[in-house]
Amino acid sequence: MVEPHRDVLKLRRDWLSVQEVVDAVSSASCGATSVFIGTTREDVLDGRKVIGLEYEAYEPMAQSEFRKLCDVIRERWPSVTHVCVHHRLGWVKVGEASVVMAISSPHRHDGQQAMQQAVEQLKARLPVWKKEVYDSQEASWKENSECPWASNHKQ
Amino acid sequence: MTAQVTVLYFAKSAELSGLKEEELVAVPTPISSQGLWSLLLQRHPRLCVLQHQVVLAVRQQYVAIGDELVALGDGDEVAVVPPLSGG
């Protein structure tokens, strides 16, 4: 019997559990689980230190874009079994995970390639924004170079 | 024809407009996405700093700003979408 696919995006205001995301994609038919963890980096910009990030999302559209993203991934890598993403909203301090993603597949190659593409697509398409907040109390909105309408967009 | 739509502002566009959302009661339809953006610029001139680095979302679908015609219905959601920075 073919196992039904699970595609899950959760937008959360609390600390992310990598284990919870990994468990959400577990499957007896899968020999591989690929995981990506995106963490808020300690960074210095013009002498100001980043103390954290403030996230917001267009939540219903994030869900619909996530479903489209999963359709694109499955079309290219049909063996992908389950996909789960937990993404933070609100305040995330330096050192904490802001996104955790897991993909299960029978064999590792498909899962690893799908993960690479899924992270690119997430940064390019998911309606989520973050503002870097500095120790000087200033803040600036970030732009992903993967986003086609960003000023720093790379082809 | 006109339509009553809800406009949502996110990230920098919310800071520039000073609003998270507003109701527009008589938006002409059909309208080009450029026409819709111009209408929002008239209401909130500070949004012009986003010019050329913004798209709209109409009923949760991205629409580039240009000649494309958009048909609006009462209760539709239009969002101002500055460059994305998820992840």
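Hi everyone. A word on the ground rules: this is a predicted model, where local features need pLDDT of at least 70, side-chain atom pairs count only at pLDDT 80 or more, and totals for chains, interfaces and linings use all residues. Residues are numbered from 1 along each chain as its sequence is written, chains are lettered from A and ligands numbered from 1 in the order in which they are written, and side-chain values use heavy atoms, with hydrogens and water left out.

Let's start where the chains meet. How many residues of chain B are in contact with chain A? There are 23, and they touch 30 residues of chain A; contact here means heavy atoms within 4.5 Å. The area buried between the two chains is about 2,300 Å², with 57% of that from carbon and sulfur atoms. Buried area is the accessible area (1.4 Å probe) that two parts lose on being put together, summed over both.

Two salt bridges cross this interface, each defined as a side-chain nitrogen of Lys or Arg within 4 Å of a carboxyl oxygen of Asp or Glu. In a salt bridge between Glu56(A) and Lys20(B), the closest N and O atoms are 3.8 Å apart. On chain B, helix 1 (11-17), strand 4, strand 5 and strand 7 (77-81) each bring at least two residues to the side that touches chain A. Helices (H or I, at least four residues) and strands (E, at least two) are DSSP runs, numbered from the N terminus.

Now to helix 2 of chain B, residues 33-43. Which of its residues are buried? They are Ser33(B), Leu36(B), Trp37(B), Leu40(B) and Leu41(B). Buried means under 20% relative accessible area, exposed over 50%, and partly exposed in between (1.4 Å probe, protein chains only).

Finally, some backbone details. Thr29(B) and Pro30(B) are joined by a cis peptide bond, with omega about -5 degrees. Pro30(B) belongs to the loop between strand 2 (21-28) and strand 3 (31-32) of chain B.

Gln137(A) is not a glycine, yet its phi is positive, about 80 degrees. Gln137(A) is in the loop between strand 8 (128-134) and strand 9 (139-141) of chain A, and is exposed at 70% relative accessibility. Gln60(B) also has a positive phi, near 65 degrees, but is partly exposed, at 22%.
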